[in-house]
Amino acid sequence: MRAVITVIGKDNVGILAKVSSICSDCNANVIEVTQSVLQDMFAMIMLVDISNMNEDFSVLGDKLSELGKKLGLSIHTMHEDIFNSMHRI
Amino acid sequence: MLNVYDILETIRMIQDECLDIRTITMGISLLDCIDSDIDRACEKVYEKITSKARNLVAVGEKIEKEYGIPIIHKRISVTPIAIVSAACKEKNPVKFALTLQRAADTCGVNFIGGYSALVQKGFSAGDIELIRSIPEALACTENICSSVNIGSTKAGINMDAVKLMGEIVKESAEKTADKQCIGPAKLVVFCNAPEDNPFMAGAFHGTGEPDCVINVGVSGPGVVRAAVQKNPDAKINEIAEIIKKTAFKITRMGQLVGSRASEMLGVPFGIVDLSLAPTPAVGDSVAYILEEMGLEKCGTHGTTACLAMLNDAVKKGGVMASSTVGGLSGAFIPVSEDAGMIDAVRDGALALEKLEAMTSVCSVGLDMIVVPGDVSASTISAIIADEAAIGMVNSKTTAVRLIPAIGKKEGDMLEFGGLLGSGPVMKISSKSSEKFISRGGRIPAPMQSLKN
């Protein structure tokens, strides 16, 4: 099982570090990261393995959206199935 | 690997374009709760609903978190209460309404639908008592929805029931005059009512349905509008293609959520209802989609054609995205719940007659329409008869949800608040239909019914 974490907002030092440290706390393994900075705007998409998490999936989502609020970023944590079912036949 | 563009598109749909799952509705059969003792029957009803739907709200919230998509309503539909109450010696169906309210409170759902009767061909035991009790039941409960099916393509239109429903709608408004006439906003009069509809206020659990089932209603007028907006110069067939693709994506989301909910609750998955259901939120309007297609205001000439195309494209896109499609499936045009419709009525662009024409090409019917409080019961009946005739002849569902605004006149506003929005009081014909309605009887089934 995998989930997609997207982070969108104003660029800052240490965004990737903070997000991955929360993933690590929950034992969610980061598989792939794509990130870009366009005119100050930071956009990161992170694919994480959630099969061996030590917390409920909703806890990870709550922690990340809390971080998002603190840093003024929009962070979404969603199960990959939603993208697969929406965009693949 | 997932495509970055696809991921961002999904997030934009949810965040900026009001995409949501409108409702997860659990259908529960109450046929095994029938008892000649009304109190025992009510107790069985309460037990059955609360045991089946105990986890419905919690599961819905868990799925919201898992997929990051809002699920606005968690609701329940039940077997038409007229069937359940028919065997009771004590003829007081309001007791069932109070029981349903108690079950709704315990489960935390925001509506239970099914305070209903199916009388398209005639009244059977329990039907008249239930229909007469509707105004009282809707006034003394908050989260109970009622519906009555008065016609069908196969049976014709029961004009005695039409006459009665005009009186019931009026009485229901009078009984809730101190609460913005909220009673009739929870009451739908149907022709060809579907048995698996997850949307309120018309949801009930048909007798041909399984014991317990999960049905899902999707939404997304905002997403469709945004997709149309990006193609200002496209030909109308190209617009239809764009709408199809968008509807496909929206419906896939409904299919995913429905199958996940059914798995988590251990209840079979019924249908996805492919509907564009507007909300009063800015941008979540069906009228704005029509305007985006090139109409200055919804209601002007061309509206019916645009709506026909929209409705058809939504179905074509959605059908392949879901394993089983059902319910109402089409675009909804509830006036008070759609910011664009409200605008159009206030502007004088959208009249009741045009709305009636629109209902012949889209799902449902004259929905959430506020009429002057001094309207006569026979005029309400006549409006119901017109709408039922459209449904009967075209083999489609039509419904009427009219709200007589007690003490208000044409041009005033009636505020419900929340998802029900606010409605401008609309103009109705001042000519009488009294004689026609007082005849009673039945409109025979049309030629379209003879398909065998």
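Mentor: Start with a definition: domain bounds come from an automatic or database domain assignment. The model is predicted: local features need pLDDT of at least 70, side-chain atom pairs count only at pLDDT 80 or more, and totals for chains, interfaces and linings use all residues. Residues are numbered from 1 along each chain as its sequence is written, while chains are lettered from A and ligands numbered from 1 in the order in which they are written.

Trainee: Into which domains is chain B divided?

Mentor: Domain 1 of chain B spans 26–191, and domain 2 spans 216–449. Their centres, taken over C-alpha atoms, are 22 Å apart.

Trainee: How many residues of the two domains of chain B are in contact?

Mentor: Contact requires C-beta atoms, placed from the backbone, within 7 Å. By that rule, 41 residues of domain 1 of chain B meet 46 of domain 2. On the domain 1 side, α7(B) gives the largest share, eleven residues. That side has 25 nonpolar, ten polar and six charged residues. Nonpolar covers Ala, Val, Leu, Ile, Met, Phe, Trp, Tyr, Cys and Pro; charged covers Asp, Glu, Lys and Arg; the others, Gly among them, are polar.

Trainee: Why are α6(B) and α7(B) called roughly parallel?

Mentor: Look at the axes, which are lines fitted to C-alpha atoms over the stretch in contact, with angles from 0 to 180 degrees between N-to-C directions. The axes of α6(B) (127–140) and α7(B) (159–175) come within 9 Å and cross at roughly 20°. That makes the pair roughly parallel, because angles under 35 degrees get that name; over 145 is roughly antiparallel, 65 to 115 roughly perpendicular, and the rest oblique.

Trainee: Which residues meet there, and what is the handedness of the crossing?

Mentor: Ile131(B), Ile134(B) and Leu138(B) are among the α6(B) residues, and Leu164(B) and Ile168(B) are among those of α7(B). The contact has seven nonpolar, one polar and three charged residues.

Trainee: Why does the radius of gyration of chain B agree with a compact globule?

Mentor: The radius is taken over C-alpha atoms, and the globule rule is 2.2 Å times the number of residues to the power 0.38. For 452 residues the rule gives a value near 22 Å; chain B has 21 Å, so the two agree.

Notes. Helices (H or I, at least four residues) and strands (E, at least two) are DSSP runs, numbered from the N terminus.
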